[in-house]
Amino acid sequence: MTDELPKIDRWNSEPLDVHTWSDHPEIKALCDQLYDEAGLSVLEPKGNRKPKRTVRESLRVLILDLYMKWLKDPSISIGFNKTKSSYQVGSRYNGLHIPEKVIEVEALLVDAGYVEELRHFHSSDRQHRNYTTRIRHTQALRELFDKLTIDLHDIDTHTNEECIILHDKFVDDPNDDTIRKVEYNDEELSEDEVVLLNTLRSQLQAYNALLKRTFIDIPSYTSSTFTSTITKGRNAGRQQTISLGPDNKFVVRVFNEGLKGHWKRGGRFYRGWWQQIDKEDRSKIYINDQPTLEVDFKAFHPNLLSNEIGVRLADDPYDLEELILPDVITTTEQQRDYVKLLVLVGINADSDKLAFQAFRNDDRQDKVANSLTNIQLAALLDAFIDKHPQLDGVLNTGQALRLMNIDSQIANLVIDHFTQKDIPVLCIHDSFIIQYDREPELRRILDQATHQVTNHTINHDIKNDRNSHNGKVSGNIKGDEEPVVISFHTPISIEPTKQYNDRKAKFTKWLELSECRQSE
């Protein structure tokens, strides 16, 4: 792992994580060595005033994050902001109180030959993106990393991290760097809002604690990381390295529209590596070494809208039955996919024009979708409205954040129910992954939660492929003794790789040790 690396690629980077912490003696010893060799004592404050974070502690956070990236993918760099305002010690989003002095710590590490940089880029042209400085470990630091035995499980990547996040606007990617996090404190909130947030935070903290002690993995994977290409959004085309390890299980809730939204806009659950992979890979997830299934609400947001009007939608509202644009869209399956996308972007958009633009921007590799004109897309949307006239005038009116808040309330009820029973369930907005044998309970709770929030229920279905079987059963009630053929399903088993078994053994050992420490 100490081989020469390619030059820093500004695209292959992740922001500095200011919540990474460990008291492992190896890390302490390494940081003491770097503190001396980089001459960091010159940064110590004069006088008796004691900062919330010392120079050594700021160094430890920086070195730990560099080490985490090295373990995950040595080529990854860190997006390192050198603006002092990025390190506000009193910020809700800086739980370890990392001060602006970390900028000077990084500079001395560069001078000492332990960190290399790719300078920031700023353009006055709004069409171009600006970039923070990228930093990465040098060969000298990698050689020191190579001597460490500290594992991911020994590092807490979310120490004191706020799990209830407020954004100024909505972009369908909470890591998009155009979004601004909004600071908030109890003094700015109403009494009811304070009670609500304290409840939501305690529920989510309990859920994250459960996830931390849950083994979530994919048995067929030979590595705990894999690379995928981002297909949508501002970062489409970029490669990203996704970790399936303990560093990528922390979940947050993201609310939108700042304080003026009064916590009634957005609120969805984000992060967790299961949200970062495609549905084919999600079907392979095992929880605590048991197969899972994914239960998905059908046409969730259209159903929410239609139920509010008092009309229950058809089982598949996106199926228009006949081709609307047969010269362009040649199969009903392709048309259904386009209608679904058009309706969903219509729920997000504030106008027809913006909806059509978002439709074409969704997948730039889809030549047919990109070729559809506004008139053609309007014809598809009109056909959908003809089938569901109750939705006339409802789409393209900016309903998304309100509906997201509703589905987040439902998700919170579902997650909290299972968390209280010490049963992990994974949320992908309007679908949920749980151990296979928990399907009946999950579907019952989905119905209860949906009815509690909306006074209605919405159909749901299983997304996984399963083994199908037929078998004969007979009863012991008089007149029903004759065997009856029934159909049933079993999960598709996955042969675990050696690497998966190694990861499971390592997790089990960590869990046993952590439970022993807690009982002491």
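This short talk describes strands, helices, aromatic rings and a few loop residues in one predicted model.

Good morning, colleagues. Because the model is predicted, local features need pLDDT of at least 70 and side-chain atom pairs count only at pLDDT 80 or more, whereas totals for chains, interfaces and linings use all residues. Residues are numbered from 1 along each chain as its sequence is written, and side-chain values use heavy atoms, with hydrogens and water left out.

I begin with an open sheet. Three strands make it up, in the order 5-9-10, and their pairing is mixed. Strands here are DSSP runs of E with at least two residues, and helices are runs of H or I with at least four, both numbered from the N terminus. Two strands are said to pair if DSSP finds at least two bridges between them. Strand 5 (164–166) and strand 10 (266–271) are the edge strands; each has a single partner strand, so one side of each has no neighbour in the sheet. From one strand to the next, the twist averages 30°. Strand 5 and strand 9 (residues 251–255) run parallel and are joined by three bridges. Within that pairing, Ile 165 has Val 254 of strand 9 as its bridge partner.

Two helices meet these strands. Helix 5 (residues 191–212) packs on the sheet and touches strand 5, strand 9 and strand 10, where contact means heavy atoms within 4.5 Å. The direction of helix 5 makes about 150° with that of strand 9. Such angles run from 0 to 180 degrees between N-to-C directions, with axes fitted to C-alpha atoms, for helices over the stretch in contact. Helix 12 (residues 400–420) lies across strand 9 and strand 10, at about 60° to strand 10.

Buried means under 20% relative accessible area, exposed means over 50%, and partly exposed lies in between, using a 1.4 Å probe and protein chains only. Just after helix 12, Asp 422 takes a positive phi of about 65°.

Next comes strand 12 (290–297). Seven of its eight residues are buried, so strand 12 too is largely enclosed by the rest of the structure. Strand 11 and strand 12 run antiparallel and are joined by two bridges, with Tyr 286 partnered by Pro 291. Their hairpin has two residues between the strands, and there Asn 288 takes a positive phi near 50°. Asp 289, in the loop between strand 11 (286–287) and strand 12, has a positive phi near 65°. At 29% relative accessibility, Asp 289 counts as partly exposed.

Five bridges link it to strand 14 (residues 431–435), where Thr 292 stands opposite Gln 435. Three bridges link strand 12 to strand 15 (residues 460–462), where Phe 297 stands opposite His 460.

Rings of Phe, Tyr and Trp (its six-membered ring) pair if their centres lie within 6.5 Å; planes under 30 degrees apart count as stacked, over 60 as edge-to-face and the rest as tilted. The count comes to 16 aromatic pairs. One of them is the stacked pair of Phe 297 and Phe 300, at 4.2 Å centre to centre with 5° between the planes. Both Phe 297 and Phe 300 are buried. Elsewhere, Phe 215, Tyr 500, Phe 507 and Trp 510 form one aromatic cluster.

Charges also sit over rings, which requires NZ of Lys or CZ of Arg within 6 Å of the ring centre and within 35 degrees of the ring normal. Arg 10 places its charged end over the ring of Tyr 131, 4.9 Å from its centre, and Arg 53 lies over the face of Trp 21 at 5.1 Å from the ring centre.

I close with two loop residues. Ser 224 lies between strand 6 (216–217) and strand 7 (225–229) and, at 26% relative accessibility, counts as partly exposed. Leaving out residues up to four places away in sequence, Ser 224 touches Ile 242, Ser 243, Leu 244, Gly 245 and Arg 503. Glu 321, in the loop between helix 7 (300–309) and helix 8 (332–348), has a positive phi near 75°. Glu 321 is exposed, with a relative accessible area of 66%.
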